[in-house]
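Try each task before you read its solution.

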Amino acid sequence: MSAKNKRRGTTYERKCVERAKGFELKAERTWGSDGRSRGLHQEVDMVIEDNVYVQCKKRKRIAEHLKPIPELHVQFVGEDRGEDLAIMRQDYFLFLLTLVKDNIFNLNKYGDEYGKRKRKS
């Protein structure tokens, strides 16, 4: 990775942390953009409220068909024989986290249970 791309990624990660803090959420970058510094997967770039693991990706351009129109809160995207995903604006996601902030500690527990059910099916 070139120094310019590394700097651009690091700058974006810091911007994401500051935006989360603007919603009064506890947010931190992982040291060196490597989750292993916190005992997590190496792809984790930031942690919100100790239990929400985020990877920050900055692209010059995102495909237009993946961007939700202003009238939508979230856009679901799926692939054949693959996982379904939800795409939403960052501010809306952070707003939703503030609404469930008191119960975020359960997120990983439920996420792990969801993953076990998903693998069994």
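Val100 sits in the loop between α2 (90-99) and α3 (107-120). Before we go on, some ground rules: this is a predicted model, where local features need pLDDT of at least 70, side-chain atom pairs count only at pLDDT 80 or more, and totals for chains, interfaces and linings use all residues. Residues are numbered from 1 along each chain as its sequence is written, and side-chain values use heavy atoms, with hydrogens and water left out.

**Exercise 1. The patch around Val100**

Task: find out which residues make a nonpolar surface patch with Val100, and how exposed Val100 is.

Step 1. Take the accessibility of Val100. Its relative accessible area is 40%, so Val100 is partly exposed. The cut-offs are: buried under 20% relative accessible area, exposed over 50%, partly exposed in between (1.4 Å probe, protein chains only).

Step 2. Look for partners. Phe95, Leu99 and Val100 together make a nonpolar patch of about 270 Å². A patch takes residues with over 30% relative accessible area and no salt bridge; like charges are joined within 9 Å, nonpolar side chains (Val, Leu, Ile, Met, Phe, Trp, Tyr) within 5 Å. The areas come from the Shrake-Rupley method with a 1.4 Å probe, and for residues only the protein chains shown count as cover.

Step 3. Phe95 has a relative accessible area of 39%, so it is partly exposed.

**Exercise 2. An aromatic pair**

Task: work out how many aromatic pairs the structure holds, and describe the geometry of Tyr92 and Phe95.

Step 1. Count. There is one aromatic pair in the structure.

Step 2. Describe it. Tyr92 and Phe95 are 6.5 Å apart centre to centre, with 35° between the planes, which makes the pair tilted. The rule: rings of Phe, Tyr and Trp (its six-membered ring) pair if their centres lie within 6.5 Å; planes under 30 degrees apart count as stacked, over 60 as edge-to-face and the rest as tilted.

Step 3. Tyr92 and Phe95 are three residues apart in helix α2, so about one helical turn separates them. Tyr92 is partly exposed, at 28% relative accessibility.

**Exercise 3. The chain as a whole**

Task: what is the order of the elements in the protein chain, and how much of the chain is buried?

Step 1. Count the elements. The protein chain has three helices and five strands. Helices (H or I, at least four residues) and strands (E, at least two) are DSSP runs, numbered from the N terminus.

Step 2. Read the order. Starting at the N terminus, you get α-β-β-β-β-β-α-α.

Step 3. Of the 121 residues, 25% count as buried. The accessible surface comes to about 9,500 Å², and 52% of that belongs to carbon and sulfur atoms.

**Exercise 4. Salt bridges**

Task: how many salt bridges are there, and what does the one between Glu13 and Arg29 link?

Step 1. Set the rule. A salt bridge is a side-chain nitrogen of Lys or Arg within 4 Å of a carboxyl oxygen of Asp or Glu. By this rule the count is seven salt bridges.

Step 2. Go to Glu13 and Arg29. The closest N and O atoms of this salt bridge are 2.9 Å apart. The pair links distant parts of the chain, 16 residues apart: Glu13 is in helix α1 (residues 3-22) and Arg29 in strand β1.

Step 3. Compare cover. Glu13 counts as buried at 5% relative accessibility, while Arg29 is partly exposed at 24%.

Step 4. Asp34 forms a salt bridge with Arg36, at 2.7 Å between the closest N and O atoms. Here Asp34 is buried at 19%, whereas Arg36 is exposed at 53%.

**Exercise 5. Inside a loop**

Task: is Ser33 buried or exposed, and which side chain does its own side chain meet in a polar contact?

Step 1. Locate Ser33. It is in the loop between β1 (27-29) and β2 (46-48), and it is buried, with a relative accessible area of 13%.

Step 2. Find the partner. The side chain of Ser33 makes a polar contact with the side chain of Arg29, at 3.1 Å. A polar contact is a pair of N or O atoms within 3.5 Å; within protein, one must be able to donate a hydrogen and the other to accept it, and residues adjacent in sequence count only if both atoms are side-chain atoms.

Step 3. Move to Gly35. Gly35 lies in the loop between β1 and β2 and is buried, with a relative accessible area of 0%.
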